[in-house]
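Morning, everyone. Please have the structure open.

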Amino acid sequence: MSINWFPGHMHKAQKEIRQLLPEVDLVIEVLDARLPYSSQNPLLQNLRGQTPCIKLLNKSDLADPELNQVWIDELQTDATVKAYAVNTSDSGLIKQIPQWCLDWFPEREVNKKPIQVMIMGIPNVGKSTLINIMAERTIAKTGNEAAVTKRQQRIKLPGNVILHDTPGVLWPKFENQNSAFRLAVTGGIKDNIVEAEDKADYLAEYVMAAYKNEIAERYNIVVMPTEPYDLLLEIGQQRGALKAGGRVDLTRISSLFLNEFRTGVMGRITLETPEMMKSELIEVEKLRAAKAAKVAARKARPKGSR
């Protein structure tokens with residue numbers, strides 16, 4: 001199965017971001033710490049050029065703590081980027097973000113020219129909650145489903161920082177299907193786009209390989225199955241998620257499995273590493289090259305030939 005999703009309002013949001021970027025001093029990109037690569041906007045790097053960027057690895061309390069630091073180090077190989085692991089339960093840390101913005105511009109004292117900051121992030125990454133904590137009042141609408149913020153907002157923050165909020169923007173197309181599935185697993189893509197069973201199967205396959213011991217302990221698995229489907233069946237039997245006749249209700253156990261990942265009950269799990277990112281980028285480039293070759297071959301055919 002492949003995931004394709006082209007919501008119309010995303011194009012409008014991207015247009016707004018393109019128009020706003022030349023006017024801002026700094027960009028804050030909110031990432032999901034469980035998938036820092038897949039939750040980045042791939043257009044941002046090209047659009048912002050040398051504009052400084054703060055990357056916030058939000059939901060870091062749900063992510064693998066060792067990989068949080070690995071990702072921070074990876075992101076900061078770009079001299080224009082500073083990265084921080086944050087989570088919305090630590091409001092004291094979140095309230096430091098305006099100062100982190102000021103640290104980029106030490107020459108600007110309070111009451112002089114304000115620092116114009118644009119904040120962006122994919123849907124359901126927690127951007128609105130972060131804004132409300134920074135502003136110390138409820139400004140941005142929050143919610144657990146994708147695409148809650150619909151329009152730009154301009155917010156005055158402490159320290160002479162003007163924050164420009166933008167609607168959540170997802171990738172315009174999914175060239176990397178692994179990224180698409182990871183976004184679906186975390187809720188970055190609306191749940192009605194991808195079946196729960198498909199998301200749970202993808203998640204089960206990954207955690208069986210990357211977090212085998214943690215999963216065995218969490219679900220009391222004595223012998224780890226070789227197939228994700230069998231793992232879900234075993235957990236379903238344990239939990240009594242059964243249909244009439246004693247068969248496992250795969251939809252029910254898939255939803256439960258996903259929920260336990262999303263809420264951290266499953267443990268602190270990160271779905272990708274920098275090495276995976278680099279490997280997948282190579283595969284994406286191969287796919288692009290193959291597609292370009294097909295287009296070139298089609299254009300080179302004589303007119304009228306099939």
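Let's start with K59. K59 is buried, with a relative accessible area of 18%; the cut-off for buried is under 20%. Where does K59 lie? In the loop between strand 2 and helix 3, the helix of residues 65-75. Look at the backbone there. K59 is not a glycine, yet its phi is positive, near 60°. Most residues other than glycine have a negative phi.

A word of caution before going on: this is a predicted model.

E136 is in the loop between helix 6 and strand 5, the strand of residues 153-157. Buried or exposed? E136 counts as exposed, at 54% relative accessibility.

Next, the overall picture. The protein chain has twelve helices and six strands. It has 306 residues, and 50% of them count as buried. Now take contacts between residues at least 6 apart in sequence. Of these, 68% join residues at least 24 apart. The chain exposes about 15,400 Å². Carbon and sulfur atoms supply 50% of that area.

On to charge pairs. Side chains of opposite charge can pair when their charged atoms come close. How many salt bridges does the structure hold? The count is 14. I'll go through some of them.

First up, K55 and E29. They form a salt bridge, with the closest N and O atoms 2.7 Å apart. K55 lies in strand 2, residues 53-58, and E29 in strand 1, residues 26-32, so the pair ties together parts 26 residues apart in sequence. Now check the burial. K55 counts as buried, at 4% relative accessibility. E29 is buried too, with a relative accessible area of 2%.

Next, K127 and D165. This is a salt bridge as well, and the closest N and O atoms are 2.5 Å apart. K127 lies in helix 6, residues 127-135, while D165 lies in strand 6, residues 161-165, so this pair ties together parts 38 residues apart in sequence. Both K127 and D165 are buried.

Now to helix 12, residues 274-300. E283 and K286 both lie in this helix, three residues apart, about one turn. Their side chains meet in a salt bridge, at 3.5 Å from N to O. How accessible are the partners? E283 counts as partly exposed, at 42% relative accessibility. K286 is exposed, with a relative accessible area of 52%; the cut-off for exposed is over 50%.

There is also a network. E175, E285 and R288 are linked in it by salt bridges.

Last stop: the surface. Which residues gather in a patch of negative charge? D201, E205, E227 and D230. Take E227 as the example. E227 sits in the loop between helix 9, residues 212-218, and helix 10, residues 228-239. E227 is partly exposed, with a relative accessible area of 43%.

To recap. K55 and E29 tie strand 2 to strand 1. K127 and D165 link helix 6 with strand 6. The pair E283 and K286 stays within helix 12. And on the surface there is the negative patch of D201, E205, E227 and D230. Over to you.

Technical notes. Residues numbered from 1 in each chain as written. Predicted model: local features only at pLDDT ≥ 70, side-chain atom pairs only at ≥ 80, totals over all residues. Heavy atoms only, no water. Patch = residues over 30% accessible without salt bridge, like charges linked within 9 Å, V, L, I, M, F, W, Y side chains within 5 Å. Areas by Shrake-Rupley, 256 points an atom, 1.4 Å probe, with all protein chains shown as cover. Salt bridge = Lys/Arg side-chain N within 4 Å of Asp/Glu carboxyl O. Lys, Arg positive; Asp, Glu negative; His and termini not counted. Charge placed at Lys NZ, Arg CZ, Asp CG, Glu CD. Helix = DSSP H or I, 4+ residues; strand = E, 2+ residues; numbered from the N terminus. Buried < 20%, exposed > 50% of the residue type's maximum accessible area, 1.4 Å probe, protein only. Contact = heavy atoms within 4.5 Å.
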